[in-house]
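The sequence and the structure are shown first, and the description follows.

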Amino acid sequence: MILIHCPYCDEKRPEIEFANAGQAHIARPLDPSGQSDADWEAYLFIRANPRGRHHERWRHIHGCGRFFNAVRDTVTDKFETTYKAGEPRR
Amino acid sequence: MSGFRLKTGGRIDRSQPVMFSFDGKSYQGFAGDTLASALLANGVMLFGRSFKYHRPRGLVAAGSEEPNALISVNRGPGRFTPNLRATGIEIHNGLNAFSQNRWPSLAMDFGAINDRLGMFFPAGFYNKTFMWPRSFWDKVYEPAIRKMAGLGDAPTTEDPDVYASTYAHCDLLIIGAGPAGIDAALGSMDSNKRIILIDEQDELGGGALADPALWPWLERSIKALTNAPNVTILTRTTAFGYYHDNFIGAVQRLTDHLPEIEDRPREKLWRIRAGEVVLAQGAIERPIVFDGNDTPGVMLSSAAKVYAHRYGVAVGKAPALMASHDSGWHDIFALAKAGIRICAIIDVRESVDSALMHEADRLGITVYLNHGVVGVHGRHGVSSVDICDYADQRVRRVDADALLMAGGWTPSVHLWSHSKGSLKWRDDLGAYVPDQPNENVHCVGGCSGDWDYGTGAVIDMLPTPKDQSRIKAFVDFQNDVTAKDITLAVREGFRSIEHIKRYTTNGMATDQGKTSNLNGLQIASSALNKPVPDIGLTSFRPPYTPQTFGALAGHAKGALFQPTRTTNIDSWAQAHGAVFELVAQWRRARYFPKPNEDMHAAVNRECVAVRSSLGIFDASTLGKIEVVGPDAAEFLNRMYTNPWKALEPGRCRYGLLLREDGFITDDGVSARLAPDRFHLTTTTGGAARVLNMMEDYLQTEWPDLDVWLTSTTEQYAVIALQGPNARKVLEPLVQGIDLSPEAFPHMAIREGTICGINTRLFRVSFTGELGFEINVPTAYGRAVWEQLMAQGAQYDITPYGTEAMHVLRAEKGFIIVGQDTDGTVTPFDAGLDWAVGKKKPDFVGKRSMARPDIIAPGRKQLVGLLTDDPNLVLEEGAQIVADPNQPIPMTMIGHVTSSYWSETLGRSIAMALVAGGHDRTGDTLHIPMPGKTHTAKVTGTVFYDPEGARLHV
């Protein structure tokens, strides 16, 4: 069972306290109505599936409840880093 | 031709005889024996029948790598455990053990015909033979194959035992308490580290237990470790899996070795998080591949040494050794010193260390170098052995009654590999050893390839002058894989060891290739003419040895498997004979039958009561979220489809929640209590999902909004009071709220007290009748319910359950998200476009309502269905077609989502999702059901009181 560092609690906790929330750094467009069908499709459905470094969102759902971002290696399943929502991509 | 107890020696307690039975026959052993050693001492060589060919099989090993001697133990009803290794079963008085995979008996097994037909059972036989006809697989082939091929029987009754589980944390976890593991523990004992030392056997020592010269050291070491306060020792504990971040699963066997069944846990699951792990799992000796190497009495030479020195049992009166490695010579010398007459040493090598030759000479043992075994005589035990002189290909017979194999050593890298540590090939060992770690772990002793057993030749199988097609030289004893199967797989085009493994089953299942992997690799390597590292290595997977489901499940069974959520009113429903159903972990009253009433009659009565007078319903399970903050209205305006900012305090609104892709995900009535405070309700099953979704948007998209979300689902008991007499019952009980229709209209909320208890009183209705939902603090739920029951008696107040609730809402065309929608239904599809704020510039899902697929014609839309036969209730989920005479397969245009008998209307009603449904009003559609195709007319979804006159009273 992986240990995940929650950047808000600043503690490593077992993964059962957390829920994955998909790819990170996909901002909701500020003006959805102004989006073309193609742009809106890309926002809704198109996601990366990298081999290696992957930016993803996690929620400390059974802890502080906060959403945060993480860089996880999809090959080794190791977390490289976690950081608070709103901080720049690492 | 059989084993016997030596006069002296071993760690068994000869003063404590133990009586046990095997296949119904009684035997005597001693305290300290395993089932394997005790049966061997009694001359038993035959322990089981093989998986596929039903060949007679005996012991190969003395430890947990034993592939053949799989045993069932019966400790009474529900306490039947199959597939235990005889080498790991400690005997106790009354032990009741059985062999497996044989019928009618171990010595005479009808399934052995498979062995005679062996030429018809090559690798991939099942895949090739039973391909056709496909329809035969499930009903004919597979059951027959499963009956013949297989291991022990699965238990058939519930396991009465209890199982414990615990979490543990330590700085240093040492797995394996042989000399290397004990040294590692001794070396760290004086630090302040918390140390856990675990070993699968009943006593610490590992290989040292078979070396009397080490016993004084062992005794001193165990004493020191036992006295160290920072060292926890777990024996009879198998570390079965190594998971991320040094998380190790281990099962401790607590009572199976005891003669009496005790009132305490049988096993305990340890979940250990370790700062550092030392793996000291040792190495497993490798069998040698030759014709007849699976005959009972052919075993690993290291195992023979363990039986002699640890258990005081000789494996035979005149064993011979077949070696390609020095270690076998040392083992055979140890047997000779224990007083066993040695028949011969046969070694495939042309020369060996002169010291070995001198010692053999001194002990008077005949040595055949550059020889190999090419045949074994005897079926249920070794009677003699044919050996071939590779110099001139002459075959001679030696009169051995047991044959020991010494094919070198394989480091036990199973847990290392679970931890994703890399391996490197060592040509000199003919084995993979640990290379780069992936966790904070290192290997010591045998499992790191570090041992002093001497050197050996690495071979794939012994050369033989015999016709290759007529021999059976086994690689994987447990899965009945021969060398021929592997070469056949290569001939048929398999190149990767991963494919060869799956095609032949080499190294699969419970055994995980402990004795077979390396020999299989060597044979594949020779057949492919490629070095071993070039053909890959299969993955070792947990568990290291099979574990019980009981241990893994622990307390999570029965009522503790999944918690059942109950409301404060549940106990009242229980006392009043409710029939319950589970809804998203909640236990809800489905209906309240009176004596001699079936569900149909009860639901009809409950529905009529609500429409004609008064019903009462426990709605406490509704999800509830308190939304508070200066931006609360703005937040809800962005989340829900409808406008919220203009909603006045004291008023309610039906909220429709979409996902960003435009599909309905939840709905519920919510109330504005104050400019900055809302009381949201969600569906029973959607509460957690909705809160998570709202938190997501609030935290990550609109962190600038000043809003707090709090789940209050379990803070309120909710009682729905529904029916024309609802107000009359409430009036005398409520204080501080004007209940008149003018002061308290439909879709409003008021705060006051009921029976002296603070309440948030909603005037809402999910039935279409005058209705109130009374929210009180959870602890008062039942008390208020009982007051309402008493006050309502004059109106024959009727408790109703979820079933009547469903009928009542369907009569009004109110949808249930998840029943009438399925995650692909838009507000327009559901006929709920009135709930979408057309003027709002944005809300979650708005942009998607203009997606090409969502505005395209022909989408499935929610409609009402009235069957032409009013007495017929359609099956929910039934498919709908436009033309019943079209050829099969018919084009299905939709399905029935809700369908009930409406006692109020005196007929059946249904809702359905139908392609282009809104344009089909008045059309007749066809619903094929078993026996008959029914017809129904498309209608609107509101079947009762379409004007809503009954609500506004």
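How far apart are the mean positions of the positive and negative charges of chain B? The mean positions of its 94 positive and 107 negative charges are 2 Å apart. Lys and Arg are counted as positive and Asp and Glu as negative, without His and the chain ends; each charge is placed at NZ of Lys, CZ of Arg, CG of Asp or CD of Glu.

## Basis of the description

The model is predicted: local features require pLDDT of at least 70 and side-chain atom pairs pLDDT 80 or more, while totals for chains, interfaces and linings use all residues. Residues are numbered from 1 along each chain as its sequence is written, chains are lettered from A and ligands numbered from 1 in the order in which they are written, and side-chain values use heavy atoms, leaving out hydrogens and water.

## Chain B: overall form

Chain B contains 22 helices and 50 strands. These elements are DSSP runs numbered from the N terminus: helices are H or I with at least four residues, and strands are E with at least two. Along the principal axes, the C-alpha atoms of chain B occupy a box of roughly 115 × 70 × 60 Å.

Of the 953 residues in chain B, 58% are buried, that is, under 20% relative accessible area with a 1.4 Å probe, protein chains only. Contacts (heavy atoms within 4.5 Å) between residues at least 6 apart in sequence join residues at least 24 apart in 66% of cases in this chain.

## Chain B: nonpolar cores

A nonpolar core is a set of buried Ala, Val, Leu, Ile, Met, Phe, Trp, Tyr and Cys residues joined through side-chain atoms within 4.5 Å. The largest has 83 residues, of which Leu35(B), Phe290(B), Tyr307(B) and Val373(B) touch the most other members. Helix 1 (residues 35–41) of chain B gives this core its largest share, six residues.

Beyond its neighbours within four places in sequence, Leu35(B) has contacts that include Phe20(B), Phe47(B), Ile71(B) and Leu95(B). Another core, of 41 residues, lies apart from the largest one; among its members are Leu658(B), Met747(B), Val825(B) and Ala830(B).

## Chain A

Chain A has one helix and six strands, in the order β-β-β-α-β-β-β from the N terminus. Its C-alpha atoms fill a box of roughly 40 × 30 × 20 Å along the principal axes.

Buried residues account for 36% of the 90 residues of chain A. The mean positions of its 14 positive and 13 negative charges are 4 Å apart.

Conventions
Buried < 20%, exposed > 50% of the residue type's maximum accessible area, 1.4 Å probe, protein only.
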